Amino acid sequence: MIIIPEQVINAIIAIANPLIKEKIQRNETVIKLLQQFNLDPEHPPADFSGVYAYTLVEYGVGKPKPFLELFRQEAIKQAFRKALDHNNPSILLSEVDAWLDAYALGDDIRSLGIDIRREIAAFYIVFAEVAKRTRNPADTLMSQQIGSLQKRIVNIQELLDRLPTLEGIRTEIARLAAQNPPALLEAETSTENQCRAIALAQQMRGWFETLGYRFEKYQIWGDSYFEWIINVPTRRNRYDRILIRGIEGEVGLKDVAVLRASVEQQRTDEGWLVTARRIARAARNEVEKDENRHLGCYTFDELIDQDADFSDYLDWLEAEIIRRQIDTKYVPLACTKEEIDPDTKQRIGISHYSDRDGWIDGYIDMWLDDPAKEHISILGEFGTGKTWFSFHYAWVALQRYRDAQKRGVERPRLPLVITLRDFAKAINVENVLAGFFFTQHNIRLTSEVFDQLNGMGKLLLIFDGFDEMAAKVDRQQMINNFWELAKVVVPGAKVVLTCRTEHFPDAKEGRALLNAELQASTKQLTGETPQFEVLELEKFNDEQIQLVLSHQTETATVEQVMGNPQLLDLARRPVMTELILEALPDIEAGKPVDMSRVYLYAVRRKMERDIKSDRTFTSLAEKLYFLCELSWEMLSTDEMSLNYRLFPDRIRRLFGSVVQEEKDLDHWHYDMMGQTMLIRNADGDYTPAHRSLLEFFVAYKFAAELGALASDFTELARVRFQINHDAAPVDYNWSAYFSRQVNTTGEILPTAALKGFISESLEKLRVTFGKAPLTKAVIDLLVGMVDIKAKESVIKIIEETRGKTEDEVGYVGGNAATILVKVNKAALRGRDFSGAVIKGADFTNAILQNVDFAGANLSNSYTFAVFLLQKRVIILTI
C-alpha cells in the first residue's frame, strides 16, 4: 500500500486537537492513526514516504493546522530527504527558512508564536529515530534493538519537551546521530554515515552554527576524516574563509601536509586541523613554523577555548579555594541516600557512603559517570559543610581539567560554582547566569553558547545555597525557584544543587520537590522529569572531628575537646570547630556551654581582637549593634553583601548625630570595615565569613528586642564608651540604647549603664521580629539566648496581639509562641490567648494544657500537640 502523506495530514487535522489533553489519550490516538494507514507501530516501512508518513503521525497529533500544512509541501519533503541523505539537519533548517520567507503560509505559522526552527529540528529527531527502525523483525532482534519503538518515540517526545532551545535540539541530534545514524535504504546512505569522525563532525557543526558561522557547499568525507569550509565573520560584512579538516584519532605530521595542500587548492584564508583527543608534538611544532602561520592544530576543547574563555574564572576559583584553605584543611564528608521503592514510592532503606566508598566524593564521581543522571541535590543542616564541599569538589574537578588541558587530551567537565546568595534577587536562571558570567567573571558568553556547552557535556554546574535564593518566599515560589534553576537540566548536563535541610518545613515535601515530583506551575517543563537524586550530608564522627581539629590546633587542645562530651557534640557540625577553638578560654574558665554561647564567646574574642586600642573610635557595643543591624538587613532583603562605599550611609542611619562630622564618620567607617567576621572581595563587597554568623547576630537582636536576652549575652552590649558611672544602671529597649546624644561641641554625652533590655513596641516588632516566620537556624540560636525568667514579657507580647489584624502584627505572636515552647514545652500551659493573632507558630511537642485559643488566628501554625480541655484529650494538627 502506497501511503500518501497528504492523506495522513488530513486525518490528523480532522481530529479535534483540543480534546487531546492527556498523554495516554494522545498515545491511543497515534496508535489508531497508524493502524488506519496500515502502519505497523513497531516496524515502519522501509521507504522514505512511509517513514515520512509515520513521523507525521507520531509528531503531528496535537499540532496546529498551519504547522501541519507546512509538511504537505513537496519542497519541505525534499528538504527532509536531502537532510537525511547527508545526515545534516542544517540543510533542512536553511531550506525551511527560505520557504517560509517566500510563501504566505510562513506568515500564518509565525503568527502562532512558536519557534519554527526548534519544531523542525525536533521533527527531524523523531524522523531519524523512525528511520533507524526500518528493518525487519529478525534484523531488529539481531541488532538487540528489542525495545518498543512506541515507547522509544514517547521518551524522545518527552525529552524534546525538556529542551527549551534550538541549540539543545542540535546537541541532541548530534548525540543521537553519533550513537546510530539513520539507515533507510542502502542507496540513501551517504559516505558521511560511514565516517568514523561523524560524532566529532556533529559536535563541531552544532558549535559552529551556535557561533553563527556559515557553511559553504564544499564537503569531503573519508573513512577517518572530513573537510568543510566555514565563513567566520570578522567585521561589518567581511569574513574569513576557514578550511576545517576533522580527524578521527591522533593528528600527525602527515595531516598537516594534507591540510596545507587543501588550503592551497581551495584558496581559503586559514586551515584548521581538529581532533577530539590527541595531537602529535611534531604536528604542533609544524604549525608553529612561520610558513604555516595560516594553519592551526586544535583538539575540539582547544577550539572551544577560542570563543569561550574561562581562564579568569579558573584563576578566581583557584584563588578562592586557597583563600578559604579548602585545599589544605578540607575533611571528607559522609552522606546518606534514601532508597525508594519505585512502585510504592515508600522508603525501604538508606544507603550510607563513607570512607570505604570514597565518601561523598566517590558517590558524585559515580553519578558524573552515569549518563542517565543529570541532577543531584545535596542537603545538610546549617554548618555541615555544603559550601566547603562545593568548592572542594570543584577544586578536584579543576585539577583534573587543568591536567587534561596541559596534556592536550579530552577534558573532563569544567566546574562552575555559582553561589546563589549572590543572586538572591535574580528573577530567573538567565539572570543568574548573566550575573555569574558577565558581572562576576567577565566571561563573554551568550545564552546560546552556554546552552550548547551545557548540552555537549562540557560543564559541571554547582549551584550552592538554594536556601539563600529568595529564602523568605512562600511554598509555591520555592517550587518555582527550583524549577527555574532546573531549566539548565537538559540531556548532557550535570547539575549539583546544595540546600539546607531546614529550608523545607515539611521534610517529605522537600524531598519530593528535589526529586522532581512536584511540578506545580511549571509551564516550561512537561512530560517526564529529568533524572534527579537527593543526598544528605552526615555530621562529623569522632575521627573526622579529630582530623579537622588537628588541622587547626595542637595535640593537647585536640584531646581536650575530644574529652568533653558537650564540645564533641557541638563539633559534629564542621562550622563549629573553629568557633570552639576560639571560645576555648571561656569554656576552660567554667562558663556554660551550648551552641549559642560558643558563638557568643567566639564572637566576643574576634571583636576584641579587631579592636586597636590606639585608634579605635567604636566600642564592642557599637560594633555589636552595627553587625546585628547589618545582618538583619542582609537576611531580610536577601542581599548578602554590602559594598564599602555604602558603609557611611549605614553608619549615619544607625548612629545619627554621633557621626555627622566627616572626620568622625571616617573613623567609624574605618572601624566598622575592620571586622574579621566580614570578608571583602576585590570589588570591595563585604559578605559574612559564614551565613550562620548572620543568624547569630539576628537572633541576638531579636532576643534583645523581645526583652528576653539572657544576662551573659547582655554583657557584650554593656561594653561601651561614655558611661555615666554615677547613675544607676537602667533598662533600655534595643533601639533606644544605641541612640546617643552630643553636646554643642559634638562630644557624646554620657548615659547610664545598661541593666537589661526591655521589649520593643508591637509596631516595631512587626517590621523585624514579626516580618516572617523564623528559620530553624535562627530558632536554634535564639533558644540558647532567651532567659526563661523573661517568659512573662514574651507572653505579654502575644497577648497584645489580641484583636489585631494580621497586617498589624504579622508573625510576632506566632514567632514568640514558637520560641517559648522551644525553650520550655509547657511555657504556654493555662494561658488565655483568645482572640490573639498567633500566625505561623510551631507547637510541635508543646504541652498546651488548658490553653484558651478561642477565636485566635492560628493560620499557618502546625502541631502534633496534645490539648487537655475540660478533661478531654484533643490531638490538634493545624
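Buried means under 20% relative accessible area, exposed over 50%, and partly exposed in between, with a 1.4 Å probe and protein chains only. These legends describe a predicted model, in which local features need pLDDT of at least 70 and side-chain atom pairs count only at pLDDT 80 or more, while totals for chains, interfaces and linings use all residues. Residues are numbered from 1 along each chain as its sequence is written, and side-chain values use heavy atoms, with hydrogens and water left out.

View A. Strand β2 (residues 225–233) is mostly covered, with seven of its nine residues buried. Helices (H or I, at least four residues) and strands (E, at least two) are DSSP runs numbered from the N terminus, and two strands pair if DSSP finds at least two bridges between them. β2 runs antiparallel to β1 (residues 214–221), with five bridges, and antiparallel to β3 (residues 239–247), with nine bridges. Isoleucine 230 of β2 is the bridge partner of phenylalanine 215 and stands opposite isoleucine 242 in β3. The hairpin from β1 to β2 passes through three residues. In the hairpin of β2 and β3, five residues lie between the strands, and arginine 236 takes a positive phi near 45 degrees.

**View B. The open sheet of β13, β15 and β14.** Three strands form this antiparallel sheet in the order β13-β15-β14. β13 (642–643) and β14 (678–680) each have a single partner strand, so one side of each is left without a neighbour in the sheet. Three bridges join β14 to β15 (residues 685–688), and isoleucine 679 stands opposite threonine 687 in β15.

**View C. Phenylalanine 310 and the largest nonpolar core.** A nonpolar core is a set of buried Ala, Val, Leu, Ile, Met, Phe, Trp, Tyr and Cys residues joined through side-chain atoms within 4.5 Å. The largest has 201 residues, of which Phe208, Phe310, Tyr700 and Phe843 touch the most other members. Helix α29 (residues 620–637) gives the most to this core, with 11 residues. Another core, of 44 residues, lies apart from it and includes Ile12, Val30, Ala83 and Ile116. Not counting residues up to four places away in sequence, phenylalanine 310 touches Leu414, Leu416, Phe437, Ile443, Leu445, Leu453 and Leu459, where contact means heavy atoms within 4.5 Å.

**View D. Glutamate 286 in helix α14.** Glutamate 286 lies in helix α14 (residues 281–287) and is buried, with a relative accessible area of 15%. The side chains of glutamate 286 and arginine 260 are joined by a polar contact of 3.3 Å. A polar contact is a pair of N or O atoms within 3.5 Å; within protein, one must be able to donate a hydrogen and the other to accept it, and residues adjacent in sequence count only if both atoms are side-chain atoms. Leaving out residues up to four places away in sequence, glutamate 286 touches Leu253, Val256, Arg260 and Asn292.

**View E. Lysine 764 and serine 735.** Lysine 764, in helix α35 (residues 762–767), is partly exposed, with a relative accessible area of 45%. Its side chain makes a polar contact of 3.2 Å with the side chain of serine 735.

**View F. Helix α18.** Seven of the 10 residues of helix α18 (residues 359–368) are buried, namely Trp359, Ile360, Asp361, Gly362, Tyr363, Ile364 and Trp367.
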